Each structure stands twice: as structure tokens, then as C-alpha cells.
Amino acid sequence: MQTVPNHQVDNLQIEDDRTGLSVECLKRAFLDNLFYVQGKFPKIATKNDYYMALAYTVRDRLLQRWINTAVIYTDRASRTVSYLSAEFLMGPHLGNNLVNLGIYDQVKQAVSELGLDLEDLLEQEEEPGLGNGGLGRLAACYLDSMATLEIPSLGYGIRYEFGIFDQDIRDGWQVEITDKWLHCGNPWEIARPEWAIYVRLGGHTEAYTDERGRYRVRWIPFQVIKGVPHDTPLLGYKTNTANTLRLWTAEAPESFDFAAFNSGDYLGAVQEKMVSENLSKVLYPNDDSSQGKRLRLAQQIFFVSCSLQDMIRIVFGQNVPLEKFHEKFVVQLNDTHPAIAVAELMRLLIDEHDMGWDQAWSITQKSLAYTNHTLLPEALERWPISLFGELLPRHLEIIYEINYHFLEEVKAKFPADSDRLRRMSLIDESGEKYVRMAHLACVGSHSINGVAALHTKLLQQDVLRDFYQMYPEKFNNKTNGVTPRRFIVLSNPRLTNLISSKIGDNWVKNLKDLKHLEAFVDDPEFCSQWRSIKSAIKQDLVAYIQKQNGITVNPDSIFDIQAKRFHEYKRQHLNALHIITLYNRIKANPDIDITPRTFIFGGKAAPGYYMAKLIIKLINSIGDVVNNDPDVRDRLKVVFLKNYSVKFAQRVYPAADLSEQISMAGKEASGTGNMKFALNGALTIGTLDGANVEIREEVGEENFFIFGLTAPEVYALKARGYRPLDYYHSNRELKAVIDRIASGHFSHGDTKLFKPLLDSLLYRDEYLLFADYQAYIDCQDYVSQVYRDRDRWTRMSILNVARMGKFSSDRSIHDYCQDIWNIQSVPIELGECIQAKE
Ligand code: GLS
């Protein structure tokens with residue numbers, strides 16, 4: 001191992017500029033990076049140069065820990081979690097790394113002594129938006145917790161050149177703009193072209209007999225893609241563990257087709273390169289739905305194959321026999337996006353590494369574990385057989401064989417039940433044939449988990465019922481969690497400091513310690529500090545809204561926030577119906593006493609999801625009218641904050657009084673925004689859906705605003721025959737709200753604009769807005785009443801935070817480690833030879 005020298009000046013030892021953590025050392029390192037990496041000096045340096053210089057300064061400090069971690073994992077061949085995910089919504093790295101290194105204050109001082117403002121530099125970072133929403137953000141929280149809990153892990157995914165699109169709002173409509181997160185370079189990653197991996201696509205297979213007389217299959221692909229890993233170190237909170245996020249970029253195996261080039265076809269020669277690079281070009285911008293596009297399947301096999309081959313490379317590199325692959329690695333499949341891993345691992349073991357079917361199958365099942373993240377039928381991935389076979393002919397053969405063995409097993413357990421065989425088959429043969437990826441994941445994994453108690457129960461009773469009956473022992477629940485480092489320490493320093501001043505700072509690693517706050521709930525001084533912090537944070541958001549949207553907001557109003565992807569099941573339009581209800585009351589009685597509210601929305605809609613985009617337009621249109629109607633005065637404001645992202649979320653959660661978690665029961669698998677809001681002292685108005693159920697259990701029903709139908713009530717109502725029109729005709733306020741929209745009041749008299757939305761509500765209302773409307777309005781009226789009692793509200797807010805301990809992603813990861821991964825922590829000591837002098 002190389003020794004990093006410490007500079008000796010006479011007898012005085014100076015901290016190394018790449019590792020030291022003192023203010024003086026950080027300043028020197030910062031300037032060093034500005035000169036020698038950015039090639040700039042202060043007079044001509046841009047803000048981005050300063051950001052880059054700081055990022056490299058911080059990265060140097062991570063590298064010391066990263067290398068130590070890698071040395072120890074390699075020496076000990078430590079058991080490792082591979083977290084396979086098509087999405088990692090990491091958010092900005094700089095601030096988080098400062099928190100986890102424990103040098104936020106030193107760096108703030110260092111840059112300020114150089115005449116710079118840390119907040120300004122943090123703002124500069126273009127976040128890697130390599131995910132759509134909750135699923136990708138969960139993956140990021142889990143990587144943070146694995147590093148913090150010192151669990152050896154590798155995150156594997158795709159380094160999309162264009163992450164989630166930027167959202168602009170024009171004339172109230174969402175407009176998509178390509179994301180440019182890489183345009184100034186990415187200081188956090190290191191490319192590892194020496195570990196490139198080749199992935200085959202298309203072509204055909206051939207059977208042959210090998211030299212030992214065995215039946216074998218050879219795959220002659222149409223195309224080969226090269227995957228180049230880009231590694232980012234991920235440091236745990238106040239540990240020395242720095243794990244790796246390894247994202248693959250697609251390239252052509254050779255930059256040029258020299259044959260074509262030599263014959264003068266220069267453009268043709270570059271063509272293959274372009275086609276190959278397409279694979280990692282862009283993230284599919286759909287959350288909770290599947291598109292069934294060829295390129296998407298190609299992305300999935302690309303990153304899965306690269307990752308599994310990489311793991312095999314590591315296994316060999318650490319002298320672990322391949323027969324022990326499952327002892328070295330446990331591979332968690334984040335939803336069905338990487339489910340092709342079942343067939344790919346089989347193929348690698350059998351075709352490439354000469355293993356027999358039974359042994360390969362046993363290793364595959366022992367290695368893989370599957371997390372389901374959705375109850376929405378449209379999100380359950382299936383691929384037309386024709387498309388699948390064209391792209392992955394060998395995998396299709398393997399899937400047929402797995403299916404054959406599997407259906408034999410089903411027959412043995414449930415004789416004479418052909419309907420069950422049809423339902424459970426890996427191939428859907430009801431019409432055009434499809435490969436069912438969730439079934440493949442269930443059969444090929446040793447563990448199947450949902451992400452909240454209710455979700456897991458509904459998987460067992462409904463979506464995966466047959467699989468639960470077949471393999472009850474595989475099923476388990478792992479309720480989601482969020483990292484308190486990013487979502488309170490970094491995003492809400494004021495509340496963090498207040499909490500730590502009372503109970504110390506152990507809670508950052510042991511979130512359950514927040515319960516000690518309960519001792520202060522009757523302390524008037526503490527309550528008043530709590531309230532003034534919330535109020536100061538709201539003031540900041542007021543200034544932001546003024547700047548961004550030009551809307552003047554009353555900081556004393558209830559900040560009622562719904563920030564999440566736009567989807568009909570999440571029912572942002574139910575929230576809109578409430579706004580119009582209040583508006584109608586004011587119009588009918590301009591002097592009515594209404595608790596002032598600011599309705600804040602944030603979130604993107606999938607570009608092809610017309611109804612979700614129309615809901616965004618509706619909210620903006622309501623805002624235009626309500627915000628400018630003199631009758632309303634200061635009582636209601638509607639604000640749509642565009643381009644919701646992790647960076648933006650960190651600003652919004654701390655400012656919320658009320659968190660809207662109002663999906664139709666039985667649709668939201670878990671939700672994680674619900675946890676982040678509550679952790680920052682917002683009270684929740686919500687249905688009994690996803691993790692809301694458990695949040696309410698923890699914080700106490702008196703500290704949670706519950707309303708609406710439960711999941712069984714939803715099923716029962718639908719089974720009875722739901723008629724939304726009946727609700728419209730029998731509910732005076734609801735009718736007035738719908739009629740107000742229909743009249744063109746929010747669309748400059750245009751009665752057609754929102755008709756598709758109104759028709760879908762009046763005649764279908766798949767997500768039961770009308771059925772839940774009255775309960776929602778009553779509950780909101782109660783919220784308004786409670787808010788007037790400021791002491792009571794503050795008390796509820798404190799109790800919410802104090803009782804959020806369960807929802808740390810550390811708890812989730814601890815449970816995965818115990819119940820699924822069977823893995824222990826590996827603490828990292830900074831080796832003598834590369835340890836910085838303190
Ligand atoms: C999701 C679910 O919709 C969320 O309820 C869940 O919290 C999240 C993480 O488990 O996964 N599934 C999905 O496709 N997108 C999500 O956000």
C-alpha cells in the first residue's frame with residue numbers, strides 16, 4: 001500500500017493537504033484545487049470554479065476513507081450487498097458529504113475566510129437526478145444507511161447522461177427541458193475504463209455438444225455494448241466507511257468500425273458508436289408505470305449484466321470459488337427493473353462458467369432477493385415475447401426452462417389446478433404473449449418484500465397471492481425509511497440544533513432517541529423556540545416564493561404542502577377540490593372567518609401522462625384566479641413551485657405545517673415524503689394508505705389527521721358498483737366546486753379545457769375522489785380549527801418529530817441485514833500509513 005506522506009517542517013508536522021480537516025488546511029487545499037485542478041485564480045474564477053475546487057477538496061478527504069474501505073473489504077473478501085436499481089436519486093453530494101465528514105462548520109468558516117459563502121457554493125451543484133421519485137430516492141437513502149451502519153455494499157445502476165427532465169411551467173402547463181447535470185463535469189466520480197464489461201444483445205443461439213459430450217448453447221449476438229463503470233464514493237455518517245456507487249455508461253466496443261472507415265464510410269463508422277451510447281442516454285421519466293419499450297429492456301439487461309459480471313470479476317479477484325458466489329454477494333433487486341438478473345445470472349453460470357443447471361439455480365435463488373414497490377397494475381412490467389426474444393434470445397430459452405421446472409413444482413403442490421398454472425406462469429398467454437417480470441423475480445429470489453406493512457399485506461392477499469400461497473416463507477415486510485442525515489441535519493440545521501441542545505446528538509445515528517424530546521413537550525420555552533424556528537423557516541420560503549413566483553404569501557397562514565410526483569392515484573386534484581371549496585365559501589360570504597392557508601404544490605408529471613399534466617394546469621389556473629381575486633384577500637394563496645428535485649425538497653420539507661398524503665387507500669405502496677415531512681415537524685392529513693398507517697400508529701392518532709375510506713372499504717365500494725354521479729348530485733358543495741370548474745371560471749371562460757378531467761371524475765372516478773370528498777373537507781375544517789390553537793399545534797408537531805424514530809432508513813437497513821441479507825458490519829479503521837495526523 002502506498003504511503004501518503006505528511007509534510008515535515010523541522011519538527012512540526014503539518015496535516016496533509018489532502019486529508020486534514022482544520023480550517024487552515026481546508027483553505028490551503030481549496031486554493032490548491034482551484035489552481036491545480038480548475039486552473040484558475042480568484043480574480044477570474046467563476047462560482048462554478050469555486051464549487052469544483054471545494055468539491056475536489058472534500059473528495060480528497062473521502063478518498064482516504066474510500067481506499068481504506070476498499071483495502072479492508074478486499075483483504076477480508078467481506079460479504080457484500082449489491083443493490084441493483086435502475087434509479088438512484090442521490091441529490092447534491094457536497095452538503096451531505098460535509099455533514100457525514102463532520103466538517104460542515106469548518107468548511108463554512110474556511111470559505112468565508114476566503115470571502116465566499118458556503119450556501120452559495122452548495123446552490124451551485126447540479127444534482128444527479130438519476131431517478132423519478134420515491135423508488136430512486138429510497139435507493140439513495142439506503143446507500144447512506146449502509147455506509148453509516150458499516151455494511152459492505154455496492155450500488156449498481158446506470159449513469160444516464162440525461163437524468164429526470166427539468167420542469168418549466170408555461171401558461172400553467174408543464175414543459176419538459178432536458179437535464180444537463182453533466183455539463184460542467186462531475187467532480188464526485190472516477191471512471192474505471194480498465195474494468196469495462198461487454199454485454200451482448202440480439203442475434204441467435206446455437207446448440208452444440210462440448211468436448212465432454214454435454215449439450216450446450218452458444219449465443220451469437222447481433223451487437224455488443226461496452227459498459228464503463230463510473231464510481232462515486234459514499235461516506236457514512238461519522239464513520240470511516242466509504243462504499244461505492246457504480247454506474248455504467250454504454251459505449252461501442254471500438255470507437256470506430258475501421259472496415260467502414262477505411263472504405264470511406266466515416267459516418268457509417270460512427271453510427272455504431274451512437275447507437276451503443278443511446279443505451280445510457282436517458283432515464284425513462286415514468287414513475288410507477290412501465291412503458292414496454294425496447295430501449296428500456298436493453299437498459300435493464302445492460303446494467304444488470306455489467307453488474308453481475310462485475311461481481312463475478314470480484315469473486316475471482318478475491319479467490320472465492322464461484323460456487324460460493326451467494327456467500328460473497330447478496331443481490332437486492334429494487335423492483336422488477338433488474339429482474340432479468342434471474343435469467344442473466346443463470347446464463348453466466350451455465351453458459352460462461354460451465355456450471356450445471358441445478359447448482360446454478362440454487363446459487364441464483366440464494367443470491368437474489370426482490371423488493372416490490374407498487375400495487376399499480378400498470379407498473380408491473382411485462383415484455384412482449386417477440387421483443388424479448390429478439391433482444392435476448394438466450395434469456396428467453398432460460399426463462400422457458402425455469403418456467404417448466406417452476407410449473408412442475410406448482411403442479412406438485414396444487415394438483416389439478418390449471419387455472420393457477422395459467423395465473424402463475426412466467427409467460428402470460430392470455431392474448432399476445434408476455435414475459436412477466438414480477439413472476440420471474442418471485443421465482444428466482446429467496447426473499448420477496450413489500451415496503452410498508454399494508455403494502456406487504458395487500459401483496460400477499462391480492463397482487464402476489466398465488467406466490468404467497470406457493471412460497472409463504474419467502475414473504476416479508478420491510479417498511480421504508482429515510483436518512484435523517486440529509487432530511488433533517490443537512491436540510492434543517494435550526495431544528496437539528498434545537499433538538500441536539502436538549503437531547504444531545506445521538507439521535508442522528510439512533511433516530512429512536514428522538515423520543516427523549518417528549519420530556520420537553522410541556523416546556524413553554526422549548527415550545528416557543530420550536531415555533532419560532534418553524535416560523536423563521538417559513539419566512540425563508542416566503543422569500544423564495546416571492547422571488548420564484550412573484551406571489552406574496554402570508555407567513556402566518558397554514559403552509560399546506562403536497563410535493564410528490566403527479567399521479568391520479570395520489571389525488572392532487574382532491575386537494576384542488578378543497579381549495580375551490582374554500583374559495584366558494586369566500587365568494588358566497590366574503591367576510592367568512594377562514595384560517596388563512598397557503599397551498600403549495602411541487603412535482604413532475606410523466607411527459608406522456610396527459611391527465612397528470614392537466615391536473616398541473618388546473619392547479620395553476622386555480623392559483624391565477626384565487627391569488628388575484630380581491631374577495632379572497634390574504635386568506636388563500638396557491639403556489640406551484642416548479643422543478644421539484646431533491647435539492648428543492650430539502651428546502652420545502654422544513655417549512656411545512658401540513659403534509660398532504662391523500663392517495664386512495666390501497667394504491668401508495670409506502671410513500672417516503674410522508675416520513676420526511678413529519679420528521680421536520682409537519683402534521684399529516686392522510687388516508688390509511690402505505691406507511692401513513694404506521695406513521696399514525698407511531699405518532700398517536702390524536703396527532704394525525706386521518707380521513708377517507710380504508711383499503712377494504714375501497715374494494716367493497718367498487719365491488720358494489722361505484723357511481724360518482726350520485727355523490728355529485730347529493731353533495732351541494734361538491735357540485736358547486738365541479739360546476740365552478742365546468743363553467744370556465746378558471747379557464748377564461750373556456751368550458752372545454754378541463755372537461756376530460758371532469759368527465760373522468762363524473763363518470764369513472766377510478767380513485768374515488770368523490771367518495772372521499774366530504775370526509776376530506778370535514779377533516780380539513782378540523783385542521784383549520786386545530787391550527788388556531790397554536791400551543792396545541794406546536795405540541796402535536798413536537799410529538800410527531802419525537803415519535804418518528806422508526807422511520808430512519810437505518811432501521812430499514814438493519815432489518816434487511818438481519819432478515820434477508822444475513823450480513824454483519826465491517827468497521828473500518830483508518831490505516832496507519834494513510835491516516836492523517838490530527
Ligand atoms: C414507489 C411507490 O410508489 C412509493 O409508494 C414508495 O414509497 C417508493 C419506494 O418504495 O416506491 N414505487 C414506484 O414505482 N415509485 C415509487 O415511488
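This is a predicted model: local features need pLDDT of at least 70, side-chain atom pairs count only at pLDDT 80 or more; totals for chains, interfaces and linings use all residues.
## Domain layout

The domain assignment divides the chain into three parts. Domain 1 consists of 15–76 + 93–126, domain 2 of 77–92 + 127–480, and domain 3 of 484–807.

## Ligand site

The ligand is surrounded by 13 residues. Asp-288, His-373, Asn-480, Glu-668 and Gly-671 are the closest of them. By residue class, the shell holds five nonpolar, five polar and three charged residues. Domain 2 and domain 3 each supply at least three residues to this shell.

For Asp-288, a side-chain N or O atom lies 2.5 Å from an oxygen atom of the ligand. The corresponding distance for the side chain of His-373 is 2.6 Å, and for that of Asn-480 it is 2.9 Å. On its own the ligand has 380 Å² of accessible area, and the protein covers 96% of this.

## Interface between domain 2 and domain 3

The two domains that contribute to the ligand shell as described above, domain 2 and domain 3, have C-alpha centres 35 Å apart. Their contact involves 46 residues from domain 2 and 45 residues from domain 3.

Interface size is often expressed as the accessible area that is lost when the parts come together. Between domain 2 and domain 3, the buried area is about 3600 Å². Carbon and sulfur atoms account for 57% of that area. On the domain 2 side, the residues that lose the most area to domain 3 are Gln-167, Trp-173 and Tyr-237. Together these residues make up 18% of what the domain 2 side buries.

## Polar contacts and salt bridges across the interface

Between domain 2 and domain 3 there are 22 residue pairs in polar contact, counting pairs with both residues at pLDDT 80 or more. The number of salt bridges between these domains is four.

A salt bridge also joins the side chains of Asp-171 and Lys-617, with an N to O distance of 3.8 Å. The cut-off for a salt bridge is 4 Å between a side-chain nitrogen of Lys or Arg and a carboxyl oxygen of Asp or Glu, so the Asp-171 and Lys-617 pair is counted.

Methods. Residues are numbered from 1 along each chain as its sequence is written. Side-chain values use heavy atoms; hydrogens and water are left out. A residue is near a molecule or strand if one of its heavy atoms lies within 4 Å of it. A polar contact is a pair of N or O atoms within 3.5 Å; within protein, one must be able to donate a hydrogen and the other to accept it, and residues adjacent in sequence count only if both atoms are side-chain atoms. Accessible areas come from the Shrake-Rupley method with a 1.4 Å probe; for residues, only the protein chains shown count as cover. Ala, Val, Leu, Ile, Met, Phe, Trp, Tyr, Cys and Pro count as nonpolar, Asp, Glu, Lys and Arg as charged, and the others, Gly among them, as polar. Domain bounds come from an automatic or database domain assignment. Contact means heavy atoms within 4.5 Å. Buried area is the accessible area (1.4 Å probe) that two parts lose on being put together, summed over both.
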